[in-house]
Amino acid sequence: MPDKNKPRQEVIRGYVLFAVTLIAAAIILWIFPTKITVATTTAWNYFLEMVMILPAVMVIMGLFSVFVSKELVVKYLGKTSGIKGILLAVFFGALPTGPLYIAFPLAVALRSKGASVSNIVIFLSAWACIKLPQELVELQFLGIKFMAARLALTILFVAIMGIFIEKLIEWTDKKRIGVSQELGK
Amino acid sequence: MSTTAIFINLFALGCLVLALVKDKGKTKQSLGVAVKSFIRILPTVFIIIVIIGLLMAFVPPDQISRFIGEQAGFGGLLAIAGLGAVLYIPAIISFPLAASLLQSGAGVASVAAFITTLTMIGVVTLPLEIKELGKKMAFLRNGLSFIIAIVIALIMGVIL
């Protein structure tokens, strides 16, 4: 089964890479013994902070990826528009349901269901950068002020970008239709 | 354990209980997914932690702040945003790295720009995006994302 072997190989490669990094770090610190304390205490502190939240973050990701079906997203986003559509696009994009490359075919399905260009752009961008587990890790490491400010600004500007791209595509399409109509005369 | 960590764990627990009440089979499946992604992401987490340790030990804060700190200016901001757009690091890993950079003298704007372009723009996934959604939409989305990442970063730099 090639489908099952490929991810396994990637995982093994990840651990090999980690071993190489660790050995390299050990050699570097062996050459510069005065740096050992700073390096190891810093690494240990970050390790502790990560270990406290990583399992929980993974559980949240796993739950959402299984419980929120792709059909559900397409069903709701395909028909809502306006402010409600924007909010829904951000909401569904932010749910932790998988990596970005899963979202592209989903966006195509959305388009065939009649979703607006702005909603598709907002959905994709939210999927890429406003993931719930990401926000939680950001909260842990960068604090509530940083996380909340970046989240609010991102939602705002992603919405503006979505509407802008929609208008731009509408405008260029209209121009093209106009030209082809003139040619048809 | 910090309040944030407690909150995140309680939130996960709450979701888990809700899921169990709703559908046991699906919950089991979800936990399988969680374990698998945990195993997959763990080496990358460890690698970044080792790199952070070395970074903090060897690169003096004044060097970091010279390149991506307040005095690095707009050029430094553009450079780090470009780096974020090209690199392909899982976002979850980027936050501890960002925190360590902030701690050692990087500017808020630079760090915000880096995280935002890192997550929002995918040079690696761009070919796929073009294939599925067409050139026009893919280039518009990624190009404009770069601009809004810079705008978001500049605002963050002012308000924080």
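Student: How many helices and how many strands does chain B have?
Tutor: This is a predicted model, in which local features need pLDDT of at least 70, side-chain atom pairs count only at pLDDT 80 or more, and totals for chains, interfaces and linings use all residues; side-chain values use heavy atoms, with hydrogens and water left out. Residues are numbered from 1 along each chain as its sequence is written, while chains are lettered from A and ligands numbered from 1 in the order in which they are written. Helices (H or I, at least four residues) and strands (E, at least two) are DSSP runs, numbered from the N terminus. Along the sequence, chain B reads α-α-α-α-α-α-α-α, and the count is eight helices and zero strands.

Student: What percentage of the residues of chain B count as buried?
Tutor: A residue is buried under 20% relative accessible area, exposed over 50%, and partly exposed in between (1.4 Å probe, protein chains only). The C-alpha trace of chain B spans about 55 × 45 × 30 Å along its principal axes. Of its 160 residues, the buried share is 49%.

Student: What is the area buried between chain B and chain A?
Tutor: Buried area is the accessible area (1.4 Å probe) that two parts lose on being put together, summed over both. Contact means heavy atoms within 4.5 Å, and here 73 residues of chain B and 74 residues of chain A take part. Carbon and sulfur atoms give 84% of the buried area, which is about 6,600 Å².

Student: Which helix gives the most residues to the side of chain B that touches chain A?
Tutor: Between the two chains, eight residue pairs are in polar contact, both residues at pLDDT 80 or more; such a contact is a pair of N or O atoms within 3.5 Å, where within protein one must be able to donate a hydrogen and the other to accept it, and residues adjacent in sequence count only if both atoms are side-chain atoms. The elements of chain B that give two or more residues to this side include α1 (3-22), α2 (24-58) and α8 (135-159). With 25 residues, the element that gives the most is α2(B).

Student: How many salt bridges does the structure hold over all chains?
Tutor: Side chains of opposite charge can pair when their charged atoms come close. A salt bridge is a side-chain nitrogen of Lys or Arg within 4 Å of a carboxyl oxygen of Asp or Glu. One joins A:Glu138 and A:Arg150 at 2.9 Å, and another joins B:Arg141 and B:Glu129 at 2.7 Å. Over all chains, the number of salt bridges is three.

Student: Which residue of chain B meets A:Asp173 in a salt bridge?
Tutor: Across the interface of chain B and chain A, the rule finds one salt bridge. A:Asp173 is partly exposed because its relative accessibility is 29%, and B:Lys136 is partly exposed at 34%. At 3.5 Å, N to O, the partner of A:Asp173 is B:Lys136.

Student: Which side chain of opposite charge is nearest to A:Glu166?
Tutor: A:Glu166 is found in helix α7 (residues 132-184) of chain A. Leaving aside neighbours within four places in sequence, A:Glu166 is in contact with A:Ser116, A:Val117 and A:Ser118. Lys and Arg count as positive and Asp and Glu as negative, whereas His and the chain ends are not counted. A:Glu166 is buried yet has no salt bridge; at 4.5 Å, the nearest side chain of opposite charge is A:Lys167.
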